[in-house]
Amino acid sequence: MSEREPAFVVVTGMSGAGRSTAAKALEDLGWFVIDNLPPGLLFAMAEEAGRVKLAADKVAAVVDVRSLAFTTDLNAAIEELDGRGVAVRVVFLEASDEELVRRFENVRRPHPLQGDGRLVDGIARERGILREVRANADLVIDTSNLNVHELRGKIVAFFGGENRPGLRVNVVSFGFKYGLPVDADLVVDCRFLPNPHWVPELRPMNGLDAPVRDYVLNQTGAKELLDAYEEVLGIIAAGYTREGKGYATLAVGCTGGKHRSVAMAEQIAARLRDRGGMDVQVSHRDVGRE
């Protein structure tokens, strides 16, 4: 970030995925937040923020989709900001179709793009318009399984620290039978390791328990995977940093997300912390789900 320009974040994503919650969390962290800002006004806002030297020194704009020109306008606005030396980061909030339908039905409101059609039609239309924006986002957060407090916690984790190392990595374990995390940048498959589920005394435990952890890590290939993947992640992290990508989600999976993936995710996170230069968080999506 240039010392002359405030940090600038664009918060966008699916309607109902939690943009308002993210905006309130940023406000509580001292960010100057503008809601429902048209993409064409992004540079004017950044310029004004720099001119008046906002005390917050951090500016966020919440941008939603209201027209078919949204994608073109937003991409053009971001390119203009980059071209004029304003470091901008895009945060995209995502959620499954089923969860979005449930949320809209709970508040008894129509989707902004459904028109005379069904709720699912509006969601599908919005997802199509936002496809390119999502693909180019710096940070994608899937809120399908998050409550407002958990989403707030993620925003605080990513934006709350002034002196954190460069790349912020979220390592999340998951079960393939429950589906891939939609916000994953990288995926590790641990299903080649023997499954503690078939060991009666280990079955009730999870990968946070020492007996399961030791069982998993002592299997043939476990240490080799950790060694090799640590080197690969070092290369990827350096590349992300060079390209200005500040956030990455690494998903570590096994069949049920209870034993192998949990143990391996903890080990990967520990190794990344030991390397330094990264702020590493770890979470376990599917523990306790069975």
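Reader: How many disulfides does a search of the whole structure find?
Author: The search finds zero disulfides. Please note that this is a predicted model.

Reader: Is C190 buried or exposed?
Author: C190 is buried, with a relative accessible area of 0%. C254 is buried too, at 2%.

Reader: Changing topic, what is the strand order in the open sheet?
Author: The order is β2-β3-β1-β4-β5, a sheet of five strands with parallel pairing.

Reader: Which are the edge strands?
Author: They are β2 (32-34) and β5 (139-142), each of which pairs on one side only. On average, neighbouring strands of this sheet are turned by 20 degrees against each other, direction ignored.

Reader: Over how many bridges do β1 and β4 pair?
Author: Strand β1, residues 7-13, and strand β4, residues 88-94, pair over six bridges in the parallel sense. Within this pair of strands, G13 stands opposite L93 in β4.

Reader: Which strands does helix α1 lie across?
Author: Helix α1 (residues 19-28) lies across β1, β2, β3 (58-62) and β4, and runs at about 160 degrees to β1.

Reader: And helix α5, which strands does that one lie across?
Author: Helix α5, residues 119-136, lies across β1, β4 and β5. Its direction is at about 145 degrees to β4.

Terms used. Residues are numbered from 1 along each chain as its sequence is written. This is a predicted model: local features need pLDDT of at least 70, side-chain atom pairs count only at pLDDT 80 or more; totals for chains, interfaces and linings use all residues. Side-chain values use heavy atoms; hydrogens and water are left out. A disulfide is a pair of cysteine sulfur atoms within 2.5 Å. Buried means under 20% relative accessible area, exposed over 50%, partly exposed in between (1.4 Å probe, protein chains only). Two strands pair if DSSP finds at least two bridges between them. Helices (H or I, at least four residues) and strands (E, at least two) are DSSP runs, numbered from the N terminus. Axes are lines fitted to C-alpha atoms, for helices over the stretch in contact, and angles run from 0 to 180 degrees between N-to-C directions. Contact means heavy atoms within 4.5 Å.
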